[in-house]
Amino acid sequence: MSANEYTKEFESGESRGHACVSYDSNQLPSNSPCEDARTEGSFIHTTGLLVGVFDGHAGQACAQVISKRLLRYLAASLLPQSILRQEMSKDGARSHSFLKCHNDKHDFVEELRDLYENNFRNFTNEFLQSTPRSDEQFNMTKVLENAFLRLDRDISDEAMTSGISQTLSVALS
């Protein structure tokens, strides 16, 4: 039962202002291999902690991919646009430049990583071209919807147009 336990204790100053000093998680698979995924990440440029649990229904591929990618889309969406614009203008800006994931032990294979990074760049560019938001215009529901729907669209488009067979297994699981 303790094989999938994970504990994160934030060092002094590491929490970057969010209220969480530590957290524990555990995965108890109902089938083998476990089809579920989880991820936790702290914002790098601002305060905040994102936590996600993703339930795989027809295999583990989609839950694993979404556990990595969705929090990155959300982190970019929640940053002030000035910071996002500044970071995306840097050479080598990557989707993980905004969020420090605490239990992410594996990266995508190169072919998928490049495809996913390109789509993330497209997402951030379109986001930055949208109407600048002010505190009065900020709507968390819209931010969450936009990130979810855009990632869903990207996953579908990748499966239909990329020619990479793994993208199909992600979209169908």
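**Entry 1**

I started with Leu-144, which is partly exposed at a relative accessible area of 34%. The model is predicted, and I keep that in mind throughout. I placed Leu-144 in helix α4, residues 140-161. Which residues form a nonpolar patch on the surface with Leu-144? I found Phe-138, Met-140, Phe-148 and Leu-149 there alongside it. Together the five have about 460 Å² of accessible area.

**Entry 2: Tyr-6**

Next I went to strand β1, residues 6-9, where Tyr-6 sits. Is Tyr-6 buried or partly exposed? I noted a relative accessibility of 16%, so Tyr-6 counts as buried, the limit being under 20%. I then listed what Tyr-6 touches, leaving out residues up to four places away in sequence. The list holds Tyr-23, Asp-24, Ser-25, Arg-38, Glu-40, His-102 and Asn-103. I also checked Tyr-6 against Asp-55. They are 49 residues apart in sequence, and their C-alpha atoms are 18 Å apart in space.

**Entry 3: Salt bridges**

I looked up the salt bridges and got seven in the structure. As background, side chains of opposite charge can pair when their charged atoms come close.

Two residues from the Tyr-6 contact list, Arg-38 and Glu-40, form one of these bridges, with the closest N and O atoms 3.3 Å apart. Both Arg-38 and Glu-40 are buried.

I took Arg-69 and Glu-158 next, another salt bridge, with 2.8 Å between the closest N and O atoms.

Then I turned to Glu-126 and Arg-150, whose side chains meet in a salt bridge at 2.5 Å, N to O. Glu-126 lies in helix α3 (residues 110-129) and Arg-150 in helix α4, so the pair ties together parts that are 24 residues apart in sequence. Arg-150 is buried, at 9%. I followed the bridges on from there and found Glu-126, Arg-150 and Asp-154 linked in a network.

**Entry 4: The largest pocket**

I moved on to empty space. Rolling a probe the size of a water molecule over the atoms shows where it is left. The largest pocket has a volume of about 720 Å³. I counted 27 residues in its lining. Which of them lie nearest its centre? I noted Gln-64, Ser-67, Lys-68, Asp-104 and His-106. Four elements each supply at least two lining residues: β3 (37-43), α1, α3 and α5 (165-172). Helix α1 gives the largest share, five residues.

**Entry 5: Ile-44**

Last, I looked at the loop between β3 and β4 (49-54), where Ile-44 is placed. Ile-44 counts as partly exposed, at 33% relative accessibility. I checked its distance to Leu-79, which is 35 residues away along the chain. Their C-alpha atoms are separated by 9.9 Å.

Definitions and conventions: Residues numbered from 1 in each chain as written. Predicted model: local features only at pLDDT ≥ 70, side-chain atom pairs only at ≥ 80, totals over all residues. Heavy atoms only, no water. Patch = residues over 30% accessible without salt bridge, like charges linked within 9 Å, V, L, I, M, F, W, Y side chains within 5 Å. Areas by Shrake-Rupley, 256 points an atom, 1.4 Å probe, with all protein chains shown as cover. Salt bridge = Lys/Arg side-chain N within 4 Å of Asp/Glu carboxyl O. Buried < 20%, exposed > 50% of the residue type's maximum accessible area, 1.4 Å probe, protein only. Contact = heavy atoms within 4.5 Å. 1 Å grid on protein atoms, 1.4 Å probe; cavity = no way out; pocket = protein on both sides within 12 Å on 5 of 7 lines; lining within 4 Å. Points joined across faces, edges and corners; volume = space filled by probe spheres on them.
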